[in-house]
Amino acid sequence: MQVHFHGAAGEVTGSMHLVEAAGRRILLDCGLIQGSRESEARNEHPFPFDPSTLDAVVLSHAHIDHVGRVPLLVKRGYRGPIYTQGASAELLPIMLLDTASLSESEAERANRYRRRGEPKAQPLFSAEDVHATLRQVQPLAYDQRTAILPGVDIALRDAGHILGSAIVELWADGRKLVFSGDLGPKGTPILRDPAVVKQADLLLMESTYGDRNHRDRPDTIRELGEIFEHAWRDRGNVLIPAFAVGRTQELLYWFARHWETWKLARWRVFLDSPMAAKVVAVYGRHHGLFDEDARRVWAQSPNPFRLPNLHVAETTQQSMAINQIENGAIIIAGSGMANGGRIQHHLRYNLGRRNAHIVFVGYQAEGTLGRRLVDGAQWVRIHGRDYRVNAQRHTVGGLSAHTDQQGLLEWYGHFQPAPPLVLVHGEDKAREALAGEIGERYGAPVELARPGMVLDV
């Protein structure tokens with residue numbers, strides 16, 4: 001068995017790892033690269049392999065940095081099966097069609113300002129490419145070992161990151177490879193804790209927060225309540241860039257749990273994301289994947305997805321109307337790293353207001369607008385215009401969908417014996433810190449994945 005590392009190898013987006021085993025080629029994830037304009041331009045580059053030579057694709061979960069280039073893979077010749085957990089299979093059309101729409105809009109915008117003689121901009125892929133991709137998807141249940149190719153078996157275990165997220169176990173050539181996908185923290189609302197895996201000949205593990213620990217969840221929830229109280233006293237709005245899958249649903253869950261203590265009835269709460277609204281419906285169909293507490297909360301009032309003052313803005317006109325509100329609004333909108341989507345329009349109207357509060361509840365990748373804001377930028381550019389940042393900024397790390405350093409160490413500690421490890425899906429600072437901790441604590445060999453690196457299992 002051989003593993004070729006092609007994406008999320010020194011960065012946190014663009015997950016893509018090629019496994020060669022039993023005479024077959026299996027691709028683990030095929031994610032979109034996100035970040036700066038230069039980084040995102042790499043999405044259009046040729047794949048470092050011929051897509052038509054792949055025998056299977058296995059997707060760990062439906063976040064776009066893990067699945068966003070799959071339609072491009074199909075567009076360029078891949079015709080085989082695409083395996084993923086059942087809930088992820090339901091999320092894929094929502095995520096991929098949205099990405100196609102954004103890509104088409106960006107190409108249209110670029111062509112409006114195209115200079116004479118410049119080639120016409122083309123979208124990365126189209127809705128037709130997405131529909132062709134979806135015909136190749138084969139959903140799998142958790143905890144069932146399945147032969148996906150002659151001599152190659154896989155099993156998906158709950159990763160506790162978002163609905164349908166999976167740890168991938170792969171057996172071939174008498175060896176076992178484990179790919180963590182993205183691991184969620186223990187005690188994450190709605191979701192079950194990440195499954196324990198005890199044996200591997202090689203482990204590919206994410207390392208997004210490999211250099212830090214999150215605040216305790218009770219402290220985090222208290223902090224969020226204090227932000228809302230502060231914003232109410234300031235007579236301002238609260239803007240929350242949030243991923244349509246995962247963070248949005250958890251936020252609504254906490255709103256329901258703390259409806260009275262946070263005095264949320266006095267606010268107007270807007271979910272400005274047609275995609276998130278569709279995702280909410282998928283969550284509603286998969287109660288069986290929830291933890292026990294979430295199932296109890298769903299049966300109570302108010303239901304997290306039907307808060308009495310929750311307004312879902314589906315049309316462009318509904319979204320634009322929100323920008324007329326100068327105070328008393330909590331606006332949850334995509335994208336989670338503020339690098340596109342409707343949140344950018346709300347930021348344009350609110351960044352200059354000293355009474356506005358911007359709350360970041362997820363990881364902000366290098367080169368994104370969210371990262372620049374978190375890092376304290378005084379001016380940012382949105383849609384070709386510069387905006388002064390007067391708004392108050394808050395980073396609420398305890399709501400991350402990724403487990404922290406302690407969680408990663410604890411999950412790794414269940415393996416007996418400690419397997420050799422390759423760290424993926426993390427910036428170098430985080431990976432180096434985690435590698436040092438694992439080496440000191442478990443004495444296991446640790447590699448930091450680099451693009452083009454090849455390892456024998």
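I began at D29, which is found in the loop between β3 and α1 (37–41). The model I am reading is a predicted one.

I looked up the phi of D29. It is positive, about 70°, although D29 is not a glycine. Is D29 buried or exposed? At 0% relative accessibility, D29 counts as buried.

I then turned to A22. A22 sits in the loop between β2 (16–21) and β3 (24–28). Its phi is also positive, about 50°, and A22 is not a glycine. A22 has a relative accessible area of 27%. Buried means under 20% and exposed means over 50%, so A22 is partly exposed.

Next I checked peptide bonds. I kept in mind that most peptide bonds are trans. Which residues does a cis bond with omega of about 10° join? It joins G334 and S335. I placed S335 in the loop between β15 (329–333) and α11 (343–350). I also found a cis peptide bond between Q416 and P417, with omega of about -5°. P417 belongs to the loop between α13 (405–412) and β20 (421–424).

**Entry: aromatic rings**

I asked how many aromatic pairs the structure holds. The count is 11. I picked out the pair Y253 and W254. Their ring centres are 5.3 Å apart and their planes stand at 85°. Planes over 60 degrees apart count as edge-to-face, so this pair is edge-to-face. I looked up burial for both partners. Y253 is buried, with a relative accessible area of 2%. W254 is buried too, at 9% relative accessibility.

I went on to Y412 and F415. Here the ring centres lie 6.1 Å apart and the planes are at 40°. Y412 counts as buried at 0% relative accessibility. F415 is buried, with a relative accessible area of 2%.

Which residues form one aromatic cluster? I listed F228, W232, F255, W262 and W267.

I also looked for a charge over a ring. R145 lies over the face of W171, at 4.0 Å from the ring centre.

**Entry: two helices**

I turned to helix α4 (residues 86–112) and helix α5 (residues 127–134). They pack at an angle of about 160°, and their axes are 9 Å apart. Angles over 145 degrees count as roughly antiparallel, so α4 is roughly antiparallel to α5. I noted the crossing of α4 and α5 as right-handed. Which residues make the contact? From α4, I wrote down L92, P93, L96, L97, A100 and E104. From α5, I wrote down A127, V130, H131 and L134.

**Entry: a glycine in a helix**

Last, I looked up G407. G407 lies in helix α13. Is G407 buried or exposed? Its relative accessibility is 18%, and buried means under 20%, so G407 counts as buried. I also took one distance, from C-alpha to C-alpha. G407 and A377 are 31 Å apart in space and 30 residues apart in sequence.

Technical notes
Residues are numbered from 1 along each chain as its sequence is written. This is a predicted model: local features need pLDDT of at least 70, side-chain atom pairs count only at pLDDT 80 or more; totals for chains, interfaces and linings use all residues. Side-chain values use heavy atoms; hydrogens and water are left out. Rings of Phe, Tyr and Trp (its six-membered ring) pair if their centres lie within 6.5 Å; planes under 30 degrees apart count as stacked, over 60 as edge-to-face and the rest as tilted. Buried means under 20% relative accessible area, exposed over 50%, partly exposed in between (1.4 Å probe, protein chains only). A charge sits over a ring if NZ of Lys or CZ of Arg is within 6 Å of the ring centre and within 35 degrees of the ring normal. Axes are lines fitted to C-alpha atoms, for helices over the stretch in contact, and angles run from 0 to 180 degrees between N-to-C directions. Helices (H or I, at least four residues) and strands (E, at least two) are DSSP runs, numbered from the N terminus. Angles under 35 degrees count as roughly parallel, over 145 as roughly antiparallel, 65 to 115 as roughly perpendicular and the rest as oblique. A crossing is left-handed if the near helix is turned anticlockwise from the far one by less than a right angle, and right-handed if clockwise. Contact means heavy atoms within 4.5 Å.
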